[in-house]
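Trainee: Could you walk me through reading a structure like this one? I would like to learn the features one at a time.

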Amino acid sequence: MVKDVTITQYVRDRSPSVAFTGRSYVLPRSSDAGLPIETVNLTEVDLTLRRVSDRNLLRAIQDSFFGEQMNNYLVREFDREVGETIWQGVGEVEQQLNLDVTTRLPMGDALADQPPGIYALTARVPSEDEYSDNIATQWFVLSDLGLASMSGSDGLHVFIRGLGDAKGKSDVSVQLISQANRVLAEAKSDASGHVQFDPGLTRGTQGAAPALLVARTEDDIAFLSLKDPAFDLSDRGVEGREPAGPVDVFLATDRGAYRAGEVIEATALARDSQARGIDGLPLVAVLTRPDGVEYSRHLSNDGLAGGHVFSMPIGATVPRGTWRIEVHSDPDTPALVTKTVLVEDFLPERIDFDLSLPEGRITASDTPDLSIEAKYLFGAPGADLPAEIRVRLSRASGIEGWDGFTFGRHDITFDPRTRYMDGGLRSGADGTLSVPLEFPAIEGDAASLPMTAEVVVSMSEGSGRPVERRLSRDLAASGRVIGIKPLFDGVVKEGSEARFQLIGLDAEGAASDMPVKWTLNRVRTTYEWYRLYGQWNWEPTVVRTEMASGTVTLGNAPVEIGADVDWGNYELVVERDGGTYVAASTEFWAGWYVPADATSTPDTLELSLDKPAYRSGEVATLRLVPRYAGTALITVMSHRLIDMQTVAVTEGENTIPLTVTDEWGAGAYVSATVIRPMDAPAGQNPARSLGLAHASIDPGAKALDVTLITGETSKPRGPLTATVQVDGITEGETAYVTVAATDLGILNITGFQSPDPQGHYFGQRKLGVEMRDLYGRLIDGLDGSMGRIRSGGDGADGARFNSPPPTEDLVARFSGPVTIGPDGRAEVSFDIPEFNGTVRLAAVAWSSTGVGQAEKDVLVRDPVVVTASLPRFLAPGDSSRMLLEVVHAEGPAGRMGLDITAQGVTLNATAIPSDIDLGDLGKASFAVPITAISEGDHAITVALTTPDGLVLRKSLTVPVRNNDPEVSQTRRFSLAAGETFTFDDNVFAGLRLDTASALVAAWPIGTFRCAAAAGLA
């Protein structure tokens, strides 16, 4: 500017407004408690108090009245159908010009003559028109009953404690209300404040489903909705597989991939909640095709100690794809366990390799070394194998350790980027390859974001068939970042408060101090339409209006902020205040419909156990470190409540002994909920915190010790024998075992892992109990200065064809069930064909009280391994080639004789060397042209003579198929009197005589004389 210009501007005072914040509804009973109300530029508000009878409470919840802000239309509907007005008056509030002021409204006088119940207080700006929506509603129940529930397979447990003293409330009547507003059951609490409802009452559906708990005494009432989501305890170490029911079935197949025409071998163990075998329980295995059609059903009536073995053949022309196996105890009930397998025309892999990156922090600007270690599955190094590498960068969904937080601005556009690394990469003589990994370049604002790198490496066998492995790694941000975690599920209710947690991380990824400014913007997008060159186009215009802002200092723990929102699209922007610029943002909507509102997860209580695992009869020491004194409810849970006790705790460290019993099963969760009573003189509202820890239980005698005893190597073309040693069998019991012997190249196709029944039965499971309470719904009745109120009135199918036979026999053998002898041993033997590779032996053993497993890899190979790559099939007259790789694995090296013979196909003899030279661990490869002659499955035999005179033979199969489609021809002609037609080979000109047939029809009736012709039918 050329000169200074003075601008005079008048800023209006904020418009008067009134609001109740949050969705809490329980006002703890206290002589000094009141309902906090936020006002702007007001000294008084008009108040209307309405009451909802307990019989109408469920309807108020179902019709979306309860807990919601109501406009004038909803208020009128509420008055007509749900509630009744019992009091009207005026509330006196404090005023500070243009500031939000919180005042407590004492409701004791208004409720003095009213029975216990649920109330809705509506506040209006006095000067507003009666039809204005500038109103606010606070739902509340004045109560001293603190409710908590725990729902599991043993039913519904209810715990009632006083909000004022945290002691158990006895003789409280508790009703369980259904979705149809029917009382399912009613019971009274015992001396500890505990009530239990039978599990059958909690299993109803639709209108019979449990929906509400109502607790009442003569002068008090409280309720807890069972339709709200249970606590999300994912941050407390609740993980593992789903809890099991009364019948827990473990299902294992011998492998994950099958060819059409093979047999699926499956082992199923049926056990109870204590992992004891269930005898006399028939099981049905249902095999379903990829299109969902049931293929076969197999019944097992003769289970051994709860173990069942199913052999399920699949036809040669079945659809390819993912098949499903379901095991039922009753076919009319849901499956006890489900497993999928792949049916495809596959070839086993011949090589394997591992990928690794350096440990520690890696950013997108680094070039870490990618290490590759390749080998043939018969043990030799994967030397001189070509490798292709591609690296894909995408924006990370978060940062490890900060679940639910997003980092960086949401409006930064970053499409995944891929970089291909070429340059003739090949493994060395020892099968290893080390390559500096180069990530795709990132420019602009996206460079500071945390990224996820996916490294995909493809290495080719000698035949050119690629084998692919993947490695995923989270990359650290290049500098400081800010994280935002919404405390709601995607959408906020209009007229409510949107709350967030913020965290700041330094360049090393650790939480650190960071002053920030946050701004909540309302985002409006409009579209300007225009016509250009005869076409209509539009231009979006985005307008951001600041609705709220503030400053906070982030530290070692997340900081919580919040702001009120109306209907619309919003954006929260958080920026570092000072220093290098760092920002983060997130977008959300506020509207009428929102997902079910989850009550706030309890504050975290520091809790730990003194040992990672226990045996039944031992004493576990539970350590609690609450931030305040109170009463701790200690529970032991799995899919049901196992034990509970109440203990008084002090601020700081407390230790509590717990006796481990058989009821803890294979593992249990120990939880502690510390409840702080209300302390009005100290200005403390009731509070609770919850800690959770998993206690693993040493299975002891339930875990069988299984060992597979066999050599580290074995020879092909003969038996592979193994001894199964099972230790720990309980005296008087009989154990059984199934053993699968499978080519590791088949298992690697699907990433198949050996069966692990001990992990299934004794590993950690998810918590099978849902927990809820109303402590997250407590209104802070001690917040703000006390005001006054004055009365103002009264109140598909896949492919269907025969698979070509494999060029070599697949190694996939199964044995069982085999009875373990009195000495704890059993012997199994498998016939191994001409095979070179790794055979994985996988055993599943069980008795009435125990389960176990074992696996062992055995190298099966000749001293010199011949590997052939052939076409899957040929047609007569086709020409192709056969690739032979000869790899030295062990024994004497040097000149080796080679002889190849074939039937039904022709080999180019000039391309076949009579001998080859191989050094130690050396490799030679060459291609032999091949021509198909006639249909059939033809044999090729490769004979290799080693320097010490050992002749190694490899038999191969070449399928030759004529895939010409069927041809039908119709010819009509007329014969004049005296003319003849000769029916001979000429009729089949252009067709294959061995598959041709002809039908001759003539009218009127004539005389036929057929010439003898080869192939006539």
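Mentor: Gladly, and keep in mind that this is a predicted model. Let us start with helix 2 (residues 72-81), where N72, V75, E77 and F78 are buried.

Trainee: What covers the buried residues of helix 2?

Mentor: The cover includes three strands: strand 4 (44-52), strand 7 (118-124) and strand 8 (135-143).

Trainee: Next, hairpins. Which two strands form a hairpin with five residues between them?

Mentor: Look at strand 19 and strand 20. Strand 19 (residues 283-288) pairs with strand 20 (residues 294-300) in the antiparallel sense, over six bridges. In the turn, G292 has a positive phi of about 85°.

Trainee: Now empty space. How does one find it?

Mentor: The general idea is to roll a probe the size of a water molecule over the atoms, which shows where empty space is left. In this model, the largest cavity holds about 320 Å³ of space.

Trainee: How many residues line the largest cavity, and which lie nearest its centre?

Mentor: The lining has 27 residues, and S638, H639, A666, G667 and R765 are the ones nearest the centre. Sorted by class, the lining of the largest cavity comprises 10 nonpolar, 11 polar and six charged residues.

Trainee: Which strand gives the most to the lining of the largest cavity?

Mentor: That is strand 47 (residues 667-676), with three residues.

Trainee: Is strand 47 largely enclosed or open?

Mentor: Here you count buried residues, meaning those under 20% relative accessible area. In strand 47, nine of the 10 residues are buried, so the strand is largely enclosed by the rest of the structure.

Trainee: Which strands pair with strand 47?

Mentor: Strand 44 is one of them: it runs antiparallel to strand 47, and seven bridges join the two. Within that pairing, T631 stands opposite I675 of strand 47. Strand 48 (residues 687-697) also pairs with strand 47 in the antiparallel sense, over 10 bridges. There, A672 has G691 in strand 48 as its bridge partner.

Trainee: And how much space lies in the second largest cavity?

Mentor: About 170 Å³. The second largest cavity is lined by 17 residues, with A148, F159, L633, T673 and D773 nearest its centre. Strand 47 turns up again among the elements that give two or more residues to this lining, along with strand 9 (145-152), strand 10 (155-162), strand 44 (630-637) and strand 53 (770-773). Strand 9 gives the most, with four residues. By class, the lining of the second largest cavity has nine nonpolar, five polar and three charged residues.

Trainee: Let me zoom in on strand 9, where S151 lies. Is S151 buried or exposed?

Mentor: S151 has a relative accessible area of 19%, so S151 is classed as buried. Beyond its neighbours within four places in sequence, S151 is in contact with L156, G768, V769 and E770.

Trainee: Which side chain makes a polar contact with the side chain of S869?

Mentor: The side chain of R350 does, at 2.9 Å. If you set aside neighbours within four places in sequence, the contacts of S869 are R350, S463, R881, M882 and L883.

Conventions: Residues are numbered from 1 along each chain as its sequence is written. This is a predicted model: local features need pLDDT of at least 70, side-chain atom pairs count only at pLDDT 80 or more; totals for chains, interfaces and linings use all residues. Side-chain values use heavy atoms; hydrogens and water are left out. On a 1 Å grid over the protein atoms alone, a cavity is a set of points where a 1.4 Å probe fits but cannot get out, and a pocket is an open set with protein on both sides within 12 Å along at least five of seven lines; lining residues have an atom within 4 Å of a point. Grid points are joined across faces, edges and corners, and a volume is the space filled by probe spheres set on the points. Ala, Val, Leu, Ile, Met, Phe, Trp, Tyr, Cys and Pro count as nonpolar, Asp, Glu, Lys and Arg as charged, and the others, Gly among them, as polar. A polar contact is a pair of N or O atoms within 3.5 Å; within protein, one must be able to donate a hydrogen and the other to accept it, and residues adjacent in sequence count only if both atoms are side-chain atoms. Contact means heavy atoms within 4.5 Å. Buried means under 20% relative accessible area, exposed over 50%, partly exposed in between (1.4 Å probe, protein chains only). Two strands pair if DSSP finds at least two bridges between them.
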